[in-house]
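Visitor: Could we go through the aromatic contacts in this one?
Guide: Gladly, let us look at the rings together.

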Amino acid sequence: MQRPGQRYQGEGGREAAAVTLQSCWRRHHARTAYLRLRRQKWAAGAIAITWLLHAQLARTRKSLQATCRRHLENFCSRAEHLAANWKHIRSSRRSIIHIPSLDPNVEVIYVSPVPLGPEVQQYYSRLLELQGGVNSVDPRVPPSQRFTILTPEALDYFPTHSMCLSTLLKYSPRTLSRIRALIQGKQAYIVGGVLHADDLFVADALGVPILGPEPALARLYSTKSGGRRVFSSAGVAAPPGQSDIYTLQQLYDALSQLITDHPEVCRWLLKMDSEFGGRGTAFCDVSHLPCRDWALREFRHHGPERWSHAWAQEPVLVKVQEELPGLLARHATPVNTTRYPTWDAFLQDFLRQGGVVEAYPPSDSVTCLTVDMLIEPGGEVSMLSCGDQLHGPSPLEAVGSSVPQASVCPAVLHDLCTRVALACCQRRIVGHLTLDLATFLHPRTMEQQVWATDLDLSYSDQLAMTQLLLMMTGGNLDCQAGRLEISLPPRDPPRPALRQRGVIVAKTSRYAVMSSRLRHTNLSMVHYSVFFQMCRAQGVGFDVKEKQGTLFVLHDSSERRSLGMLTIAADLQGALLTFARNLSVIHQEISAPNMQGQTNFKVRC
């Protein structure tokens with residue numbers, strides 16, 4: 001009875017077996033059909049969800065594109081209104097959002113990317129009080145009441161995210177509401193850094209124009225490659241070089257040809273398109289090239305005129321192409337070794353972002369300059385600041401400047417910068433721009449050369465420091481004459497006859513040395529109150545009557561590892577000596593023999 005199949009051996013067994021087989025088959029068929037249907041239903045659900053998500057994404061994308069188009073259209077509309085009414089706005093009371101300006105007609109709303117502590121705010125309020133009511137439209141209103149500092153609340157929502165200021169402001173409705181209340185019924189516009197798409201959102205939310213170009217234009221011409229295109233169209237001399245390099249073969253071909261074309265150039269620079277402040281720069285000295293001496297002999301043999309022909313260059317070009325990969329691998333050096341410790345790390349980012357290859361001036365004495373320009377919405381061009389750069393440990397890293405510049409004839413400099421600004425204006429670029437230049441004596445002709453090396457479409461640190469300088473001295477910076485003039489009251493009371501003639505003010509000149517990027521890790525251990533007590537004890541301060549001395553620019557109060565400094569004196573040498581003495585005093589006061597800290601206080605002129 002326990003053997004399988006015995007139940008089907010007796011009477012009616014065949015029918016029972018047939019029923020069992022049929023039921024098993026029907027169960028198997030039904031189960032298979034059910035599983036197939038379940039899989040199909042799941043697949044249909046997945047396809048439906050995917051399609052719904054795709055459709056929703058497409059609608060969202062279209063909505064965002066429509067929003068961006070609307071923001072851009074509103075930006076252009078407000079820009080046209082700003083251009084048409086610029087002269088009236090400049091001469092009337094107005095509010096400027098983002099960038100501090102200390103014009104008596106201006107109320108400033110400064111949106112800070114970091115929380116500012118009470119010590120920092122108290123310091124800037126004190127500086128504004130020193131200015132007093134002089135040249136104020138309403139002397140009863142102190143300057144500190146025309147200056148409002150706001151911090152977006154989104155900083156607390158996204159503490160670990162790296163966002164630009166306009167993005168933080170976009171997600172800060174309370175801050176936007178407060179700005180609306182502050183500018184209600186007033187002429188207002190935004191001055192920011194390099195414009196971002198979220199700047200258009202903020203401008204649209206506030207209903208104010210932006211003094212600047214479209215974000216797409218700002219991104220295009222703020223790159224190193226974009227700057228070279230502007231210089232070329234302006235007819236301004238630029239370093240020999242090649243732009244828009246994105247592959248390793250492009251780099252080898254371009255640099256080989258440049259080394260062959262310009263054998264007198266000893267150093268070549270590689271600059272990433274989107275970096276600034278020397279962070280994305282590397283250099284390579286061709287003196288390490290084995291064939292360099294032979295290449296120079298060939299160049300002298302043919303002479304400069306015949307050297308421009310391909311047949312004269314071909315043997316040297318072939319040899320340089322063979323030796324260049326090894327030269328770069330062994331001797332190419334990033335300027336910022338903290339960010340790029342090796343050439344391979346730099347090269348990876350360079351090829352990802354794109355960049356340019358440029359010649360370093362072939363001279364032992366090179367002076368770099370920074371010039372700040374303003375292209376007004378109406379098309380007028382003005383030079384706001386000009387200074388000779390101060391360099392840190394590396395000659396390719398600028399940490400400050402001396403104002404006014406004294407390296408190039410002011411008329412020549414003004415003409416060159418104006419041509420660049422007009423070329424930008426033809427590309428519908430308005431607002432602030434910063435132009436970097438290098439000047440040197442050409443080794444063959446011994447004539448002064450001026451090269452345009454970089455272009456930034458933003459409000460620079462040098463311009464902000466210059467505004468502070470002009471506020472505290474009440475002076476006027478004439479960039480066309482290369483002179484900073486201030487008015488001083490007479491030391492002795494004026495005689496009645498002179499008082500009747502109105503001769504009670506003396507005009508004199510001043511020079512300033514400024515830096516907004518002085519770093520010292522030991523500063524974080526000193527509170528600002530202690531820091532200022534230390535400075536007073538060492539005689540570091542500002543003389544309000546003589547309008548000379550030292551002013552500091554305090555950064556965020558959380559880390560306190562950096563600060564800015566401005567020294568003003570009657571001559572350039574005095575300003576430089578005061579600047580150097582202050583750095584030495586501060587370093588000695590905050591350092592110990594076994595705790596020197598990391599610093600860039602070693603500034604070179």
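**Aromatic rings**

Guide: To begin, Phe531 and Phe552 are both buried, and please keep in mind that the model is a predicted one.

Visitor: How are the rings of Phe531 and Phe552 arranged?
Guide: Their planes stand at 75° with the centres 5.1 Å apart, so Phe531 and Phe552 form an edge-to-face pair. The pair also joins distant parts of the chain, since Phe531 belongs to helix H17 (residues 528-537) while Phe552 belongs to strand S20 (residues 548-554), 21 residues apart.

Visitor: Which residues are in the cluster with them?
Guide: Ring pairs connect Phe531 and Phe552 with Tyr123, Tyr124 and Phe532 in a cluster.

Visitor: And how many aromatic pairs are there by this rule?
Guide: The count comes to 13 aromatic pairs. One of them is Tyr157 with Phe158, which is edge-to-face because the planes meet at 80°, with the ring centres 6.5 Å apart.

Visitor: What is the relative accessibility of Tyr157?
Guide: Tyr157 has a relative accessibility of 45%, and therefore counts as partly exposed. Phe158 is partly exposed as well, with a relative accessible area of 24%, where the cut-off for buried is under 20%.

Visitor: Switching topic, which charged end sits over the ring of Phe201?
Guide: That is the charged end of Lys170, placed 5.1 Å from the centre of the Phe201 ring.

Visitor: And over the ring of Tyr360?
Guide: There the charged end belongs to Arg267, and its distance from the centre of the Tyr360 ring is 5.8 Å.

Technical notes: Residues are numbered from 1 along each chain as its sequence is written. This is a predicted model: local features need pLDDT of at least 70, side-chain atom pairs count only at pLDDT 80 or more; totals for chains, interfaces and linings use all residues. Side-chain values use heavy atoms; hydrogens and water are left out. Rings of Phe, Tyr and Trp (its six-membered ring) pair if their centres lie within 6.5 Å; planes under 30 degrees apart count as stacked, over 60 as edge-to-face and the rest as tilted. Buried means under 20% relative accessible area, exposed over 50%, partly exposed in between (1.4 Å probe, protein chains only). Helices (H or I, at least four residues) and strands (E, at least two) are DSSP runs, numbered from the N terminus. A charge sits over a ring if NZ of Lys or CZ of Arg is within 6 Å of the ring centre and within 35 degrees of the ring normal.
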